[in-house]
Each structure stands twice: as C-alpha cells, then as structure tokens.
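Hi there,

Here is the structure I promised to pass on. My notes on the ligand site, the pockets and the backbone follow it.

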Amino acid sequence: MRAVVIRRLGGPEVLEIENLDPSEPGPGQAVVEVAAAGLNFIDTYQRGGLYPVEIPFIPGLEGAGTVTAVGPDVTKVKVGDRVAWGTVAGSYAEQATLPAARLVPVPDHLASDEAAALMLQGLTAHYLAVDTYPLGPESSCLIHAGAGGVGLLLTQIAKRLGATVYTTVGTAAKAELSKAAGADHVIVYTEEDFAERVTEIGGPRPLDVIYDGVGKATVPTGLGLLRPFGLMVAFGNASGAVDPVDPLDLSTNGSLFLTRPTLFHHVADREALLARCDDLFGWADDGLGIRIGARFPLEAAADAHRALEGRVTTGKVLIEP
Ligand code: NDP
C-alpha cells in the first residue's frame with residue numbers, strides 16, 4: 001500500500017511516497033481503507049519539528065474511510081463501517097491501522113470526504129466556541145484567518161450561538177467567503193490595520209474573546225482589543241510561535257486571561273469525542289457548511305503543504321489516496 005513517509009524533518013520536500021506492506025491489526029486496532037485524509041496546520045509543525053514527533057512516521061491526523069479488518073477485542077467498530085478520526089497519526093496513506101477507540105461512526109447524511117474535512121478543524125471550532133469561551137448572544141469575538149479551515153467553521157458556529165463575529169482575512173476573495181459564513185465584520189488585515197478597524201467599528205476594547213490561530217503576528221496586538229477580564233485564546237502558530245507574553249501586559253490591558261488550548265485534551269476520552277461529534281454532525285445535517293477548498297492526490301502531498309503554508313488555501317484541504 002502507498003503512503004507518505006517522513007524520514008527526516010524539514011520542508012515539504014521531506015514528504016515522500018513509499019510502498020509499504022499492509023499491516024495486520026493488533027489488539028484494539030482497526031485497519032481502514034482511507035477515502036480522504038485531511039491536511040491541517042499541525043501536519044506542517046510536525047513535519048518541520050516545531051511539534052516533536054518520532055521519525056519515521058506517516059503524517060496526517062485526520063481522515064475518513066471504511067473499516068476492512070479489526071484486531072482482537074475490538075467492539076467499537078466492525079468491518080464495513082464508515083468511520084472518521086481527527087487525532088491519530090498515519091492518515092496520508094491508502095490504508096491506516098488505527099486505534100479503534102478513536103474511530104467515530106460516520107452518519108449516512110455525511111459523505112466520507114465531508115467527514116474527513118470536518119473532524120479536526122470542526123472539533124477544534126466546537127471546543128473553542130462551546131468550552132474555551134462559551135459564546136452566546138451577548139458575546140463579541142474576533143476570529144483570525146476567518147476563511148481558513150478552523151475559521152470558516154468557527155465563524156458559523158459562533159453565529160449559531162448568537163455572537164457578534166469579527167474576522168480577519170488575507171485577501172478580498174477570502175473576505176467574501178468569510179462574509180458568506182456569517183461574519184458581521186470582515187477585515188482584510190494585509191491591507192488595513194486590524195486593531196484600528198476593530199476599534200473604529202466597535203469602539204475601544206469591544207471584544208470578549210479573540211480566537212487567534214495566526215499566533216506570532218497578531219497575539220500581542222490583540223491584547224489591546226479585549227475588554228477588561230477578556231480572554232485571549234492563542235490556539236495556533238500559522239505565522240510562527242507566539243513570543244512569551246509578560247504577565248504584566250495582561251494586567252495593564254485589563255486583568256486579561258490568556259490560554260493556549262489544544263484539541264487533544266478536549267477529546268481525550270471516547271465519551272468526549274463522541275459527544276462533540278454528535279453536535280458537529282447534527283449541525284452538519286442542519287446547514288453547517290463544509291468547504292473543501294482543494295484536493296490533492298497522495299503523491300502531491302508536498303504541494304498541499306506548500307499551498308497551506310503559502311496562505312493560498314481556503315476551508316479544508318484534502319489529500320486523497
Ligand atoms: P488555515 O486553513 O486557517 O490556514 C492558516 C491560515 O492562517 C492561512 O490561510 C492564512 O489566512 C493565515 N496566516 C496568517 N499568517 C500566515 C503565515 N505567515 N503563514 C501561513 N498562514 C498564515 O489552517 P487550519 O484551519 O488548519 O489551522 C488554523 C490554526 O489553528 C493553525 O494555527 C493551527 O495550528 C491551529 N489549530 C489549533 C488547534 C488546537 O487545538 N490548538 C487545532 C486545529 C488547528 P489569511 O491569508 O486569511 O491570513
């Protein structure tokens with residue numbers, strides 16, 4: 001079976017396709033024929049070494065497909081089930097051998113490529129909007145990279161929960177996508193100063209929460225836009241890892257809170273994973289738009305990484321075996 005293997009850390013060129021022997025499922029494992037794997041920014045951090053991983057490894061934490069074999073003691077899934085996953089490695093492959101407890105049954109109303117597109121970024125948007133800062137009709141939030149994978153889903157979920165949503169995007173075309181997802185105020189932050197625009201629109205410090213997956217380039221400025229006791233959620237590093245924040249900056253900006261959450265803790269047990277998927281799949285059946293912005297074949301995984309890091313993608317990028 002063909003798979004992308006990383007044998008040394010580095011740029012997109014380290015993603016190389018290889019022919020591997022298919023593995024037998026061990027205890028607690030299932031083998032899945034992969035219909036689609038999802039590309040996420042974390043794949044680039046792991047490839048480049050920002051997030052440590054043991055090499056060699058098959059990248060890709062997200063995907064969907066059909067179970068073709070199960071190991072001893074597996075009761076959660078059976079051969080023939082359509083399943084999806086969002087936090088286990090090995091997805092850039094024709095076949096993946098995965099822990100059955102991390103596989104979620106895909107409902108009939110969701111195609112496999114849509115399920116692959118929804119899992120990691122959708123679960124992230126879910127915990128950010130429901131738990132990290134529970135949004136409601138009185139809330140005002142800023143979502144950076146509003147036309148990205150997390151951004152489009154988080155915007156729609158925030159609007160479902162009744163919040164006022166500001167977004168930033170890199171281009172006019174992305175602004176159209178962000179507006180279509182429901183954003184109230186869309187700022188092209190490559191052309192205008194986002195802090196000035198937010199203040200112009202909402203007055204001084206109008207935000208309860210900022211969801212910032214861009215990181216280094218935007219987190220420090222955002223502190224000046226939060227109301228007293230507001231929350232900065234630094235959840236990613238698309239522009240680079242955030243420089244250390246002086247606790248005194250939190251104090252002088254209004255006794256602010258800063259958090260750096262990760263999805264892994266929010267779906268650590270199967271009950272949490274299934275409960276979040278339940279909401280997400282329900283919303284998908286009720287109009288939550290899943291934008292698949294680009295599809296790349298397995299052998300072009302490096303091009304997919306270049307596109308994501310080059311800021312030219314929107315919504316979900318899939319890698320299809
Ligand atoms: P996106 O589809 O949002 O792509 C990243 C976007 O970031 C780009 O399209 C671009 O949008 C923007 N960006 C701004 N500056 C840069 C830069 N210098 N280089 C590249 N992109 C830049 O990616 P994802 O939806 O996969 O992830 C979004 C963020 O969320 C990432 O930081 C990711 O690590 C994080 N994340 C965190 C999780 C967690 O649990 N902590 C889980 C999932 C994702 P634009 O052109 O509009 O600025």
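In what follows, Ala, Val, Leu, Ile, Met, Phe, Trp, Tyr, Cys and Pro count as nonpolar, Asp, Glu, Lys and Arg count as charged, and the others, Gly among them, count as polar. By that scheme, the shell around the ligand has 14 nonpolar, 11 polar and 4 charged residues.

Please keep in mind that this is a predicted model, where local features need pLDDT of at least 70 and side-chain atom pairs count only at pLDDT 80 or more, while totals for chains, interfaces and linings use all residues. Residues are numbered from 1 along each chain as its sequence is written, and side-chain values use heavy atoms, with hydrogens and water left out.

**The ligand**

Which residues come nearest to the ligand? Of the 29 around it, they are Tyr127, Lys174, Tyr189, Gly213 and Leu263; a residue is near if one of its heavy atoms lies within 4 Å of the molecule. There are also polar contacts (pairs of N or O atoms within 3.5 Å; within protein, one must be able to donate a hydrogen and the other to accept it, and residues adjacent in sequence count only if both atoms are side-chain atoms). An N or O atom in the side chain of Tyr189 is 2.4 Å from an oxygen atom of the ligand. For Arg311, a side-chain N or O atom is 2.8 Å from a ligand oxygen, and a polar backbone atom of Asn237 is 3.1 Å from an oxygen atom of the ligand. On its own the ligand has 900 Å² of accessible area, and the protein covers 91% of it (Shrake-Rupley method, 1.4 Å probe; for residues, only the protein chains shown count as cover).

Helices H1 (41-48), H2 (112-132), H3 (149-160) and H10 (301-309) are the elements that give two or more residues to the ligand shell. The largest share, 4 residues, comes from H2. Helices (H or I, at least four residues) and strands (E, at least two) are DSSP runs, numbered from the N terminus.

**Pockets and cavity**

The search uses a 1 Å grid over the protein atoms alone: a cavity is a set of points where a 1.4 Å probe fits but cannot get out, a pocket is an open set with protein on both sides within 12 Å along at least five of seven lines, and lining residues have an atom within 4 Å of a point. Grid points are joined across faces, edges and corners, and a volume is the space filled by probe spheres set on the points.

The ligand takes up the space of the largest pocket; the test is that more than half of its atoms lie within 2 Å of the grid points. This pocket has a volume of about 1000 Å³. Its lining has 47 residues, and Phe41, Tyr45, Gly213, Asn237 and Ala238 are the closest to its centre. By class, the lining has 23 nonpolar, 20 polar and 4 charged residues.

The second largest pocket has a volume of about 150 Å³. Its lining residues include Met1, Pro22, Ile58 and Leu98, and by class there are 6 nonpolar, 4 polar and no charged residues.

**Backbone**

Most residues other than glycine have a negative phi, and most peptide bonds are trans. Ile55 and Pro56, however, are joined by a cis peptide bond, with omega about 0°. Pro56 lies in the loop between H1 and strand S4 (62-70). Phe229, in strand S12 (residues 226-234), has a positive phi, near 70°.

Best wishes
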